[in-house]
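Visitor: I have a model open and would like to learn how to read it, feature by feature. Could you walk me through it?

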Amino acid sequence: MAIDRDATLRWIELFAAQIELHREQLVQLDAAIGDGDHGTNMNRGMQRSLEKLRATEQADPSAVLKTVAMTLISTVGGAAGPLYGTLLLALASGLAGHAEVDLPTYAAAWRASVDGVQARGGAQLGDKTMVDALVPAVDALEQATDLSAGLQAAAAAAEQGMLATTPLEARKGRASYLGERSVGHQDPGATSTYYLLESAAEAFAS
Ligand code: ADP
Ligand code: MG
């Protein structure tokens, strides 16, 4: 299975559906260690993204992701909007010019995207952010020899990374203001990021 325009659209539709389904969970997680807007913000951004994708013709995977990135930047706000925007814009750049994307190109684009998120937000692994789901996922994708299996492994790694945020003390973002009181809560951004990878594994399954 190759990553083409239609499969990329399917990925984004699945991610939007996951965010809508888990909107309340993401609100609750963010209410515990932040301001409680992550679920509503991400849902608004993904619903707007779907509207834009339906209204305009997208040439290739890169165009789809660029549209979503720009929409998230302009509609989500907070920390997550610019960070998801950075992630997907870098992914779009890495896939530019490819009607069909192979595993090495995809993995390299993901690595550059995660590097971009870390450069933008300054978070390292273990700071209790979306980076804790992203880095293990991209590590798994780089190890893979098959796209579908690689994305399954990446989603499983993202899930482990998400679960591993619970005992951590937040060192970046709003949750870091709580210090020790952030311990014992799963990070909302790592949770939405797990849904992003889970959706990719489903959309690009062979
Ligand atoms: P805000 O904190 O502005 O309300 P959201 O609630 O939408 O934004 O998103 C919060 C999530 O953003 C956190 O759970 C965390 O995963 C992520 N985040 C916050 N700051 C950073 C950062 N500097 N680097 C990476 N991720 C971050
Ligand atoms: Mg918030």
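Guide: We will go through the metal site, a pocket, the core and a loop residue in turn. Keep in mind that this is a predicted model.

Visitor: Let me start with the metal. Which protein donors does the magnesium ion (ligand 2) have?

Guide: For a metal site, look for the atoms that approach the ion, then for their places in the sequence. Here the magnesium ion (ligand 2) has Asp30 (OD), Asp35 (OD) and Asp37 (OD) as its protein donors, at 2.0 to 2.2 Å. Along the chain, these donors are spaced as D-x4-D-x1-D.

Visitor: Are Asp30 and Asp35 buried or partly exposed?

Guide: The cut-off for buried is under 20% relative accessible area. Asp30 counts as buried because its relative accessibility is 9%, whereas Asp35, at 38%, counts as partly exposed.

Visitor: What should I look at around Leu26?

Guide: Begin with its element, then its contacts. Leu26 lies in helix α2 and is buried, because its relative accessible area is 0%. Beyond its neighbours within four places in sequence, Leu26 touches Ile19, His38, Gly39, Pro188, Thr191, Ser192 and Tyr195. Its C-alpha atom is 7.8 Å from that of Gly36, a residue 10 places away along the chain.

Visitor: How much space lies in the largest pocket, and which residues are closest to its centre?

Guide: The largest pocket holds about 530 Å³ of space. It is lined by 28 residues, and Ala79, Ala80, Leu83, Gly173 and Arg174 are the closest to its centre. Helices α2 (23–33), α3 (38–55), α5 (80–95), α6 (103–121) and α9 (188–203) each contribute at least two lining residues. Sorted by class, the lining has 11 nonpolar, 10 polar and 7 charged residues.

Visitor: And how do I read the core?

Guide: In soluble globular proteins, nonpolar side chains tend to be buried together. In this model the largest nonpolar core has 59 residues, and Trp11, Tyr106 and Trp110 have the most contacts inside it. Elements giving two or more residues to this core include α1 (5–21), α4 (61–75), α7 (131–143) and α8 (147–164).

Visitor: What does Tyr106 contact?

Guide: Setting aside neighbours within four places in sequence, Tyr106 is in contact with Ile3, Trp11, Leu95, Val101, Leu141, Leu147, Leu151 and Phe204.

Visitor: Where is Lys128 found, and what is its phi?

Guide: For a loop residue, check the backbone angles as well as the burial. Lys128 is in the loop between α6 and α7. Its phi is positive, about 65°, although Lys128 is not a glycine. Lys128 also counts as buried, because its relative accessibility is 1%.

Definitions and conventions: Residues numbered from 1 in each chain as written. Chains lettered and ligands numbered in written order. Predicted model: local features only at pLDDT ≥ 70, side-chain atom pairs only at ≥ 80, totals over all residues. Heavy atoms only, no water. Donors = N, O, S within 2.8 Å, 3.2 Å for Na, K, Ca; no water. Buried < 20%, exposed > 50% of the residue type's maximum accessible area, 1.4 Å probe, protein only. 1 Å grid on protein atoms, 1.4 Å probe; cavity = no way out; pocket = protein on both sides within 12 Å on 5 of 7 lines; lining within 4 Å. Points joined across faces, edges and corners; volume = space filled by probe spheres on them. Helix = DSSP H or I, 4+ residues; strand = E, 2+ residues; numbered from the N terminus. Nonpolar A, V, L, I, M, F, W, Y, C, P; charged D, E, K, R; others polar. Core = buried A, V, L, I, M, F, W, Y, C linked by side-chain atoms within 4.5 Å. Contact = heavy atoms within 4.5 Å.
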